[in-house]
Amino acid sequence: MSEQQTAGTIPIEKKVPRREAGFRLPYRFEIDPVGPASPWWVTIVSIVLAIVACGIFIALNGMNPIVVYAKMLKGAFGSSFGITETLVKAIPLLLCGLGVSIAYRISVWNIGAEGQFLAGAMAATAVTVYFPQLPMYISIPSMVVASIVAGGVWGLLTAIPRTYFQVNELITSLMLNYVALLALNYAVFGPWKDPKGFNFPGSPMFTAAQSFPTFGTTRLHFGIIFAILAVLLYAFMIRYTRWGYELRLIGANAEAARNAGIRISRHVLVVMIISGGVAGLAGMSEVSGVAHRLMYGISPGYGYTAIIVAWLAKLNPAGLVISSVLFGGLIVGGYSVQTIGLPSSTSSMIQGAILFFLIAGGMAGKIRIRRNR
């Protein structure tokens with residue numbers, strides 16, 4: 001018997017290190033969810049990659065991508081008519097993109113700008129249907145106020161379940177889009193249908209007192225003034241007011257904002273009202289400045305495209321202006337390529353590709369390479 005056993009101690013067994021089976025890489029990849037935002041050049045690279053990827057599909061369709069892109073560029077920016085039409089399309093994109101950006105500032109994922117746009121368009125049309133004899137100095141302000149209120153209420157329908165019942169705003173805002181669309185279809189096929197419209201699903205045409213004035217002989221209307229003023233107000237509020245500081249703090253660190261005494265639930269309600277109201281104003285500008293009536297298919301998806309506009313701009317006011325003009329040009333350029341045998345949905349393909357590469361670029365910026373020990 002050994003000395004340790006006679007002393008009453010327990011012998012310590014020597015541990016032999018196990019050999020791990022299989023090959024192990026010296027590095028591993030991790031995703032940092034709170035990593036810094038991707039740099040500005042990622043946006044440029046994302047756009048270039050989207051253009052290249054779509055060019056491959058266009059080439060596989062038997063067309064020359066350079067010719068197609070040149071046609072789109074010329075159609076959107078190659079003439080005064082193309083530029084004004086691009087700006088006409090940029091107005092609802094800018095307003096809806098602004099509404100989405102305000103909500104995204106505090107990490108409220110509002111994808112209901114399409115429904116809020118339609119709610120604003122219907123509220124503005126209601127003024128023309130039930131008060132057709134109002135003069136311009138009363139009808140236009142009334143339509144503006146009605147559209148903002150209707151869009152704000154539509155946004156509030158998303159904010160209340162999120163704030164008080166913890167319902168995911170992605171689900172409610174998306175479902176409310178279809179509710180607004182069905183309500184619009186009921187109105188234009190039913191009680192608001194123009195009896196003199198040859199069975200066309202639309203409201204009676206607006207009078208001159210109910211329509212936005214235009215610049216010269218173009219279709220560019222005074223809605224662009226509302227859009228520019230809204231962006232300037234957004235830039236000032238976010239950067240120079242206490243309210244804007246609180247929004248930025250909530251977006252950066254909600255827990256720190258809560259510990260600082262900021263009532264996040266109240267901000268969510270207010271922000272969603274503003275977000276929906278701005279998108280509702282976009283609906284009013286479209287029916288009053290472009291269509292001059294409420295009709296079936298009044299929106300080709302402005303509220304959904306606005307999500308890409310906001311992502312591309314990184315919620316920056318100047319970036320919103322640039323990206324809305326860019327996507328307005330894509331829509332107009334999509335109409336131009338129809339003359340060479342491609343569908344107008346080519347622009348939608350490019351928009352989707354840009355969003356895909358933007359998201360991929362943002363995820364790539366959060367990947368970290370760690371050494372395995």
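The model is predicted. The protein has 14 helices and two strands. Of its 373 residues, 46% count as buried.

**Overall fold**
- Contacts were considered between residues at least 6 apart in sequence; of these, 77% join residues at least 24 apart.

**Thr125**
- Thr125 sits in helix α5, which spans residues 113-130.
- The relative accessible area of Thr125 is 0%, so this residue is buried.
- The Thr125 side chain reaches back to the backbone oxygen of Ala121, at 2.8 Å.
- Neighbours within four places in sequence set aside, Thr125 contacts Trp192, Ser203, Phe206, Val287 and Leu294.

**Helix α5 against helix α7**
- Helix α7 covers residues 169-189, and its axis comes within 7 Å of the α5 axis.
- The two axes cross at roughly 30 degrees.
- Angles under 35 degrees count as roughly parallel, so α5 is roughly parallel to α7.
- The crossing of α5 and α7 is left-handed.
- On the α5 side, the contact is made by Ala113, Glu114, Gly115, Leu118 and Met122.
- On the α7 side, Leu176, Asn177, Ala180, Leu181, Ala183 and Leu184 take part.
- By class, the contact between α5 and α7 has eight nonpolar, two polar and one charged residues.

Definitions and conventions:
Residues numbered from 1 in each chain as written. Predicted model: local features only at pLDDT ≥ 70, side-chain atom pairs only at ≥ 80, totals over all residues. Heavy atoms only, no water. Helix = DSSP H or I, 4+ residues; strand = E, 2+ residues; numbered from the N terminus. Buried < 20%, exposed > 50% of the residue type's maximum accessible area, 1.4 Å probe, protein only. Polar contact = N/O pair within 3.5 Å; in protein donor to acceptor, adjacent residues only side chain to side chain. Contact = heavy atoms within 4.5 Å. Axes fitted to C-alpha atoms, helices over the stretch in contact; angles between N-to-C directions. Parallel < 35°, antiparallel > 145°, perpendicular 65-115°, else oblique. Left-handed = near helix turned anticlockwise from the far one by under 90°. Nonpolar A, V, L, I, M, F, W, Y, C, P; charged D, E, K, R; others polar.
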